[in-house]
Amino acid sequence: MDSVHEIAITGQNLPAKYIYTDSINPSQDPSIPLPLLEIPVIDFNRLATPSIGTGEELERLRSALSSYGCVMVTNHRVMVTNHGVESSLMDRVRLVFKQFLALPMEERLKCQKEADGFEGFGSDMMVTKDVPVVHDFSARLRLTTWPEDKRQMKYWPEQPHDFREVLDEYSSKLLVLHDATLGAMARSLSLDDDDSAFLNAVREGGSISARFNFYPPCPTPDRALGLKPHSDGTVITYLLQDGEVEGLQVLKDEQWFRVPIVPDALVLHVGDHLEIMSNGEFKSPVHRVVLNPERQRMSVVIASFPEEGIQIEPLEGLVSGEKPRLYRQVKYSVVDQVGYYWSGTRVTDDARI
Ligand code: OGA
Ligand code: NI
């Protein structure tokens, strides 16, 4: 049985493995909440429509990703294909996951992750290291969505009955948005002759997966975290937030900020591997998830990854006399990524020259 669920259902006190000895100060002083981060909002439609100011919007994108490392993306219509992520589809994605969570335990266990596996429903894979680590008070369902021949259907819920159909539709729309986003990112850095420069790292042997995160209510939110501080070991990450309950926080200038809920917007994070490929032009933001004493929270992440074993390094076009190379070559390894996560370190620190 998944222990996070068990605790959530029985309402028992949190076992020691979830407890931080120092208060993690979800809001420093509960009566004065942490400030809201004013994340720049990017209108995706403008990125693709020259007559309404593509250049300006590209510059906003570049500047936001180089200082915040994240943006809110609205109006996700990619003109060429006319693919939009409608808010009704976002609601359906949230709904099927909520319905999945409400299923009897034995039904959910049909999708259970194996202890040393990556896909399926459960808590994070544990790394065998002697360092004492605090566990995240959350559970997640992780499923590869692209390429389609890498989907492991045995982990895809059969209940609720439309779960698979909804995820299939959402992930295909996000795939189009993902590719267009990486193209726009390359253009914003004037990699015009090759606007697939970043995209190639995913399209050639890489993968995209969905992660449905579940954060139960927590009786001691000042002593536990939904996700520990981390940056994403991805290329990019698109996050669909809970429609009602906040929890995501971003570290900026050594201060934690709350990420607001913006209806119909997706949160885009630069991943560590994109930071390296961009030679540090884009920053991969450190973020965490705090818990709510009364309410559960969920989120749905679509993230892209390079091919296992591939070498990641700054693009040649982004290294010059004025912009010296900031990172050495690093080999992408999913197991290393898990190790970085648990130990609170980052591949970007290892790679930095
Ligand atoms: C993640 C993540 C944030 C959230 O899954 O890597 O940072 O709000 N999720 O769930
Ligand atoms: Ni993250």
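I take strands as DSSP runs of E, at least two residues long, numbered from the N terminus. The model is predicted.

**Entry: shell of ligand 1**

I looked up which strands each supply at least two residues of the shell around ligand 1. They are β5 (207-215), β6 (227-230), β11 (287-289) and β12 (297-305). I then listed the residues: 13 surround ligand 1, and R211, Y215, H287, R297 and S299 are the closest. Sorted by class, the shell has 6 nonpolar, 4 polar and 3 charged residues.

For H287 the corresponding distance is 2.9 Å, and for D232 it is 3.2 Å. I also looked up the cover: the protein takes up 96% of the 290 Å² of accessible area that ligand 1 has on its own.

**Entry: nickel ion**

Which residues coordinate the nickel ion (ligand 2)? I found H230 through NE2, D232 through OD and H287 through NE2, at 2.1 Å. Along the chain, these donors follow the spacing H-x1-D-x54-H. D232 and H287 link distant parts of the chain, being 55 residues apart. I placed D232 in the loop between β6 and β7 (236-240), and H287 in strand β11.

**Entry: backbone exceptions**

Most peptide bonds are trans, and most residues other than glycine have a negative phi, so I noted departures from either.

- I found a cis peptide bond between W146 and P147, with omega about 0°. P147 is in the loop between β4 (139-146) and α6 (163-188).
- I found another cis bond from Q159 to P160, where omega is near -10°. P160 is also in the loop between β4 and α6.
- I noted N75 for its positive phi, near 50°, in a residue other than glycine. N75 is in the loop between β2 (70-74) and α4 (87-101).

Methods: Residues are numbered from 1 along each chain as its sequence is written. Chains are lettered from A and ligands numbered from 1 in the order in which they are written. This is a predicted model: local features need pLDDT of at least 70, side-chain atom pairs count only at pLDDT 80 or more; totals for chains, interfaces and linings use all residues. Side-chain values use heavy atoms; hydrogens and water are left out. A residue is near a molecule or strand if one of its heavy atoms lies within 4 Å of it. A polar contact is a pair of N or O atoms within 3.5 Å; within protein, one must be able to donate a hydrogen and the other to accept it, and residues adjacent in sequence count only if both atoms are side-chain atoms. Accessible areas come from the Shrake-Rupley method with a 1.4 Å probe; for residues, only the protein chains shown count as cover. Helices (H or I, at least four residues) and strands (E, at least two) are DSSP runs, numbered from the N terminus. Ala, Val, Leu, Ile, Met, Phe, Trp, Tyr, Cys and Pro count as nonpolar, Asp, Glu, Lys and Arg as charged, and the others, Gly among them, as polar. Donors are N, O and S atoms within 2.8 Å of the metal (3.2 Å for Na, K and Ca); water is not among the atoms, so sites may look incomplete.
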